[in-house]
Amino acid sequence: MTHVRAVVWGPAEFVGFPPWRLVGKGLLAGTLGVAFIVGSTVVGAWYGLPVLARGEAALVGVGALCLYLGLVRAGRALIGMVAVLGVCLALQAPQAATGVVPAERGRVEAGVVTLDEGGPVAVVHDPNGRVPSRGVAADATAGGALPGRGGRAAALVAGCVVAVVRSHRLTHTTAVPVRDADASPP
């Protein structure tokens, strides 16, 4: 049963806080993963590279992150959790990138909605034509497209930290010794 638990959740068997080096490795892996997932789609939308803008490269980044966690012997359940969070972020990143590019580079102009028989509305479009035009508030910013993804990105980083920390078994020589109050002095 111990072997199954170690395979599913990771071999970590220590009490207390994990070493900072493991937390740092997890933070680095998670942060680089999120940066690649979101950054590749933004770069793809900005430069008009469809393979990046559609999120295909982001999915490859999720696979690479899961492969890394597998190589450090993280638990299968934790790798699965990181994979699900990463795929969700990768599938939503193209919409965020489509919102970031026009907000930063586009031009806001007045337009008329003809099908709804409405009045004047603000429409933002990319002068280079790399992303489709869409209606938007006149004071739109790049940060307006990203807040909903921040929680998913933070959850992905936290999942990577837990997976990396639980992937290491700390032996008695590396753990902090516990002093017994009843023991006689040496």
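Helices here are DSSP runs of H or I with at least four residues, and strands are DSSP runs of E with at least two. Counted in this way, the chain of this predicted model holds 6 helices and 3 strands. Read from the N terminus, the order of the elements is α-α-α-α-α-β-β-β-α.

**The chain overall**

The chain has 186 residues, and 33% of them are buried. Among contacts with a separation of 6 or more, 68% are between residues 24 or more positions apart.

Together with V4 and W9, V8 makes a nonpolar surface patch of about 260 Å². The relative accessible area of V8 is 30%, so this residue counts as partly exposed.

Residues 56-71 form helix α4, where A64 is found. A64 has a relative accessible area of 46% and is therefore partly exposed. Which distance separates A64 and G33 in space, C-alpha to C-alpha? The two lie 8.5 Å apart, while in sequence they are 31 residues apart.

R73 sits in the loop between α4 and α5, the latter being residues 76-105. Although R73 is not a glycine, its phi is positive, at about 65 degrees. R73 is also exposed, because its relative accessibility of 59% is over the 50% cut-off.

**A salt bridge**

Side chains of opposite charge can pair when their charged atoms come close. How many salt bridges are counted in this model? The count is 1. The partners are E56 and R54, whose side chains meet with an N to O distance of 3.2 Å. R54 is exposed, since its relative accessible area of 53% passes the 50% cut-off. E56, at 36%, is partly exposed, because this value falls between the 20% and 50% limits.

**Accessibility of the residues discussed**

The table gathers the relative accessible areas described above.

| Residue | Relative accessible area | Class |
|---|---|---|
| V8 | 30% | partly exposed |
| R54 | 53% | exposed |
| E56 | 36% | partly exposed |
| A64 | 46% | partly exposed |
| R73 | 59% | exposed |

Notes. Residues are numbered from 1 along each chain as its sequence is written. This is a predicted model: local features need pLDDT of at least 70, side-chain atom pairs count only at pLDDT 80 or more; totals for chains, interfaces and linings use all residues. Side-chain values use heavy atoms; hydrogens and water are left out. Patches are made of residues with over 30% relative accessible area and no salt bridge: like charges are joined within 9 Å, nonpolar side chains (Val, Leu, Ile, Met, Phe, Trp, Tyr) within 5 Å. Accessible areas come from the Shrake-Rupley method with a 1.4 Å probe; for residues, only the protein chains shown count as cover. A salt bridge is a side-chain nitrogen of Lys or Arg within 4 Å of a carboxyl oxygen of Asp or Glu. Buried means under 20% relative accessible area, exposed over 50%, partly exposed in between (1.4 Å probe, protein chains only). Contact means heavy atoms within 4.5 Å.
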